[in-house]
Structures are given as structure tokens and as C-alpha cells.
Amino acid sequence: MQNHSVAIYSRSGYTSYARLAASSPKYGGKLSKSLDVAQFPLMKSRLDRGECFTNTSLEPGYPAFSAPVMHDNRAIAMIALWEVPFDQQTLYHQNLFKVVAGLVQSAMVRTLLYFNYSKDMYLMNTHIMTAKSFQSALDIYLRMKKQRISDYTLLRVSSMAEDISLSEIDQKISNVIRSTDHIGLWEDETCFVLLPQAVTADIPKIENRLMEAGFSCEVVLSEAVYE
């Protein structure tokens, strides 16, 4: 659609909050990292029904077009075009957006199902990604960061307890991070946490949560991990 105000948000559970996952390079700096969909009641009612929203009434603060990504009868993500030129606010472009949103939904749901059901992605009975799968995820986020469509922070995490099992690490870290974050174990058994869209200002709060759970952490560059 030749649009440069695209944003894709992820949603977890039935919360009204959506987390910015990716955006157009030149537009991402204008957007908040999270969005409370409840503050946009006209849009929320359509998204909750699995329908596209078009801001035909030019409501201030609303995106021009938005569409939900549905799975199991709930919105797991949202696609938004924040600004659309006047000459593209037509029925043709609305239908085109619906088609594109449908293709994105199909791809995202297939990816979600793969992550959920692939036994090779995680260490047994945990949410900790294997070294191979975590490296693949890190490669993707690194490319997205270089293309300026998304951002992330990578933490090296160490337990303060001497004897701790993988299941305990999984449980304790999972309780203090977001569902969109990733825990991974590198080949040398170093534990990392990948935090999509986390910025420098978020780090102290994240560090405090991990310390309360019994872990120390430090921010590391992706390039240093591969060395």
C-alpha cells in the first residue's frame, strides 16, 4: 500500500494493552511502545469482533486503518496504518487493506502455531529456547533492528543461587518478564533474555524485578554473544 506509518502490535491474553512489535522505520519514533486499546472505544469494539476499523469520521488520535490478527476467536495482534493520504481513504484502499491484513494474519498464526507445537524450539518442559532456536530469534531481531523496524534489549542473566534447575530458572524468570520476551540458553549454557522493544529507560525496572527473583543481569550487545 506504499504506506510509511505501519505499526504491528502484539496482544497477550485478554488485556486491552497492545505492545508495539514493529513499525515503519521513519514512523516508529512517533509511537508509544504500548497502546491501551480501551482508550479507542470505536476501534476496540470492531477489533473485538474481528473486524477492520476505518476512521471515516476522522476521530482525533485514532489510526486511519486498523485490523486485528485473530486466533482462537481473540485478537492476538493488531495492524495499524496511522496516517493515510486523503486520496487513499477510499473503499478500494479499505478493501486492499483487509486483503493485506488477512495475509499478515495467516502468516502470523502459522508462525505462532509453529512456536507453540515445535518440540525442538524449547528445552524439555520449559519456556527456555534451545541455543539453535534462540540464535535464530536473535538473528531476526538483529536484522529488524538494523532495518529500523523494531528494537530490542539483550540481557545476560545469572542465578544468585548455586544449585538451581532449568525448571526453576524458567518459572522464576517467566514470572517477572512479559509474555512477549524470550528466554534462551546459549551453547556455553549462558542464559539470556531477549526483550523486544525494550529501551534503556526500561532496564532499571527489569533489573529490579530479576534481582527480586534471585538473578543478576547485564545488558550485552548481540555481536558480543557470537564471539
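Phe40, Phe53 and Tyr62 make up one aromatic cluster in this predicted model, where rings of Phe, Tyr and Trp (its six-membered ring) are taken to pair if their centres lie within 6.5 Å, and where planes under 30 degrees apart count as stacked, over 60 as edge-to-face and the rest as tilted. Because the model is predicted, local features need pLDDT of at least 70 and side-chain atom pairs count only at pLDDT 80 or more, whereas totals for chains, interfaces and linings use all residues. Residues are numbered from 1 along each chain as its sequence is written, and side-chain values use heavy atoms, with hydrogens and water left out.

By the ring criterion, the count comes to seven aromatic pairs. The rings of Phe40 and Tyr62 have centres 5.1 Å apart and planes at 85°, so this pair is edge-to-face. Helices (H or I, at least four residues) and strands (E, at least two) are DSSP runs numbered from the N terminus, and in these terms the pair links distant parts of the chain, with Phe40 in the loop between strand S3 (34-36) and helix H1 (41-48) and Tyr62 in the loop between strand S4 (53-54) and strand S5 (65-71), 22 residues apart. Buried is used here for a relative accessible area under 20%, exposed for one over 50%, and partly exposed for values in between (1.4 Å probe, protein chains only). Phe40 is buried, with a relative accessible area of 10%, and Tyr62 is buried at 12%.

A second aromatic pair, formed by Phe134 and Phe192, is stacked, with 6.4 Å from centre to centre and 15° between the planes. Phe134 lies in helix H3 (residues 131-146) and Phe192 in strand S10 (residues 191-196), so the pair ties together parts that are 58 residues apart in sequence. Phe134 is buried, with a relative accessible area of 0%, and Phe192 also counts as buried, at 3% relative accessibility.

The strands S3-S2-S1-S6-S5-S4, in that order, form an open sheet of six strands with antiparallel pairing, two strands being paired if DSSP finds at least two bridges between them. S3 and S4 stand at the edges with a single partner strand each, so one side of each is left without a neighbour in the sheet. Within this sheet, strand S1 (residues 6-11) and strand S2 (residues 17-23) run antiparallel and are joined by five bridges, with Ala7 standing opposite Ser23 in S2. S2 and S3 pair in the antiparallel sense over three bridges, and Ala18 has Leu35 in S3 as its bridge partner. Five bridges also join S1 to S6, again in antiparallel fashion, and Ser10 has Ala77 in S6 as its bridge partner.

Helix H1 lies across S1, S4, S5 and S6 and runs at about 35° to S5; axes are lines fitted to C-alpha atoms, for helices over the stretch in contact, and angles run from 0 to 180 degrees between N-to-C directions. Ser66, which is found in strand S5, is buried, with a relative accessible area of 0%. Contact being defined by heavy atoms within 4.5 Å, and neighbours within four places in sequence being left aside, Ser66 is in contact with Met43, Leu47, Cys52, Phe53, Met78, Ile79, Ala80 and Phe97. Asn73, by contrast, lies in the loop between S5 and strand S6 (74-81) and is exposed, with a relative accessible area of 76%. The C-alpha atoms of Asn73 and Asp48, which are 25 residues apart along the chain, are separated by 8.9 Å.

A further open sheet is formed by five strands in the order S7-S9-S10-S8-S11, with mixed pairing. Its edges are strand S7 (128-129) and strand S11 (215-220), each with a single partner strand, so one side of each is left without a neighbour in the sheet. Strand S8 (residues 152-159) and S10 run antiparallel and are joined by six bridges, and Tyr152 stands opposite Pro196 in S10. H3 lies across S7, S8, strand S9 (182-185) and S10, running at about 150° to S8, while helix H5 (residues 203-212) packs on the sheet, touching S8, S10 and S11, with its direction at about 150° to that of S11.

In H3, the buried residues include Ala131, Ser133, Phe134, Ala137, Leu138, Tyr141, Leu142 and Met144. H3 is followed by Arg148, whose phi is positive, near 60°.
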